[in-house]
Amino acid sequence: MPELVVSGPAFLGPFDPFVDYAVDNAGRLLRLTYEHVVLTLITLAIALPIAIGFGVLSSYYDRLATVVLWAASILLTLPAIALFGMLVPVLGIGNPPTIAALVVYAQLPIIRNTYVGLTEVDAAAIESGTGLGMTRFERLRRIRLPVALPVVMTGIRNAVVILVGLLAIGAFIGAGGLGGRIFYGISQTDTPMIVVATVLVSLLALAFDYAFGVVEEGLRLRNGEEIEPTIVTRTLTAVRTRLT
């Protein structure tokens, strides 16, 4: 009986062009993925202290909270291309205007969740801290923020997903990352290039979301919440227990 041989193209079928493109351009795609990750983390590092600062201040002053949340909501509705265009005359082209725009877009989810997390802390716990002679800053650092961190982390997860997606649009003004492959693929009508780059952007967003989700789970467990931890969380907990 003749041996049945399944060739690569016949086996992969309609996915063969995408696999071929990914294999042939693996080095470039890996470099662009790394750039995408670095730019996302840089943006997040800049956006976090600003957003958390506004969230903390808003939790103390209701009128400020109304203004800050309203302003952040308005900024989030601005079209990305329009905001990029407004920043180009000031910051030039490339990564600087893209990072500046993405910092703006990251504000709302982080500010809102920081505000909600801090305002929902049990009043009895705060009063206990006051009774122990804690200052306002000490109550914030030792009671309010630790309790609110899981909610804050949820806002960070939402912000990161937004950043990963919008960073691809930054390629329109010369930013690094995977967006350049998407725009170039569109201009050249290169479907494999567009699909592979888009899939990588989606996988990056999912990876960031999952990683921050694990951190959020750990924070919730630390606060004594009754949740069902994932396998990764259980594994990390077991490793930490053995090390300690």
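**Ground rules**

I number residues from 1 along each chain as its sequence is written, and my side-chain values use heavy atoms, with hydrogens and water left out. Since the model is predicted, I ask for pLDDT of at least 70 for local features and count side-chain atom pairs only at pLDDT 80 or more, while totals for chains, interfaces and linings use all residues.

**Entry 1: overall fold**

I looked up the secondary structure and got 11 helices and zero strands. Helices and strands here are DSSP runs (H or I, at least four residues, for helices; E, at least two, for strands), numbered from the N terminus. Read along the sequence, I get α-α-α-α-α-α-α-α-α-α-α.

Next I checked burial: 36% of the 244 residues are buried. I use buried for under 20% relative accessible area, exposed for over 50% and partly exposed for in between, with a 1.4 Å probe and protein chains only. The protein exposes about 13900 Å², and carbon and sulfur atoms supply 68% of that area. Those areas come from the Shrake-Rupley method with a 1.4 Å probe; for residues, only the protein chains shown count as cover.

I also went through the contacts (heavy atoms within 4.5 Å). Of those between residues at least 6 apart in sequence, 73% join residues at least 24 apart.

**Entry 2: the core**

Which residues have the most contacts inside the largest nonpolar core? I found L44, I156, V160, V164 and F212, in a core of 47 residues. A nonpolar core is a set of buried Ala, Val, Leu, Ile, Met, Phe, Trp, Tyr and Cys residues joined through side-chain atoms within 4.5 Å. The elements giving two or more residues to this core are α3 (26-60), α4 (62-76), α5 (80-91), α6 (95-119), α8 (136-169) and α10 (191-222). Helix α8 supplies the largest share, 12 residues.

I then picked V160 and left aside its neighbours within four places in sequence. V160 is in contact with T40, L44, F208 and F212.

**Entry 3: α8 against α10**

I fitted lines to C-alpha atoms over the stretch in contact and took angles from 0 to 180 degrees between N-to-C directions. The axes of α8 and α10 come within 9 Å and cross at roughly 180°.

On the α8 side, the residues making the contact include P146, M153, I156, V160 and V164. On the α10 side, I noted F208, F212, E216 and R220 among them. By class, I get 16 nonpolar, three polar and five charged residues. For that tally, Ala, Val, Leu, Ile, Met, Phe, Trp, Tyr, Cys and Pro are nonpolar, Asp, Glu, Lys and Arg are charged, and the others, Gly among them, are polar.

V151 is in helix α8 and is partly exposed, at 23% relative accessible area. The C-alpha atoms of V151 and E216 are separated by 8.0 Å, though the two are 65 residues apart along the chain. Not counting residues up to four places away in sequence, V151 touches N113, G117 and R220.

Is N113 buried or exposed? N113 lies in helix α6 and is buried, with a relative accessible area of 11%. Beyond four places in sequence, N113 is in contact with V151, V152, T154 and G155.

Leaving aside neighbours within four places, T114 is in contact with I52, G55, V56 and V152.

**Entry 4: loops**

L78 is in the loop between α4 and α5, partly exposed at 30% relative accessible area. L78 touches L83 and Y105, not counting residues up to four places away. L78 and Y105 are 27 residues apart in sequence and 8.9 Å apart, C-alpha to C-alpha.

I ended with a backbone check. Most residues other than glycine have a negative phi. T189 has phi near 50°, a positive value in a residue other than glycine. T189 is found in the loop between α9 (179-188) and α10 and is exposed, with a relative accessible area of 67%.
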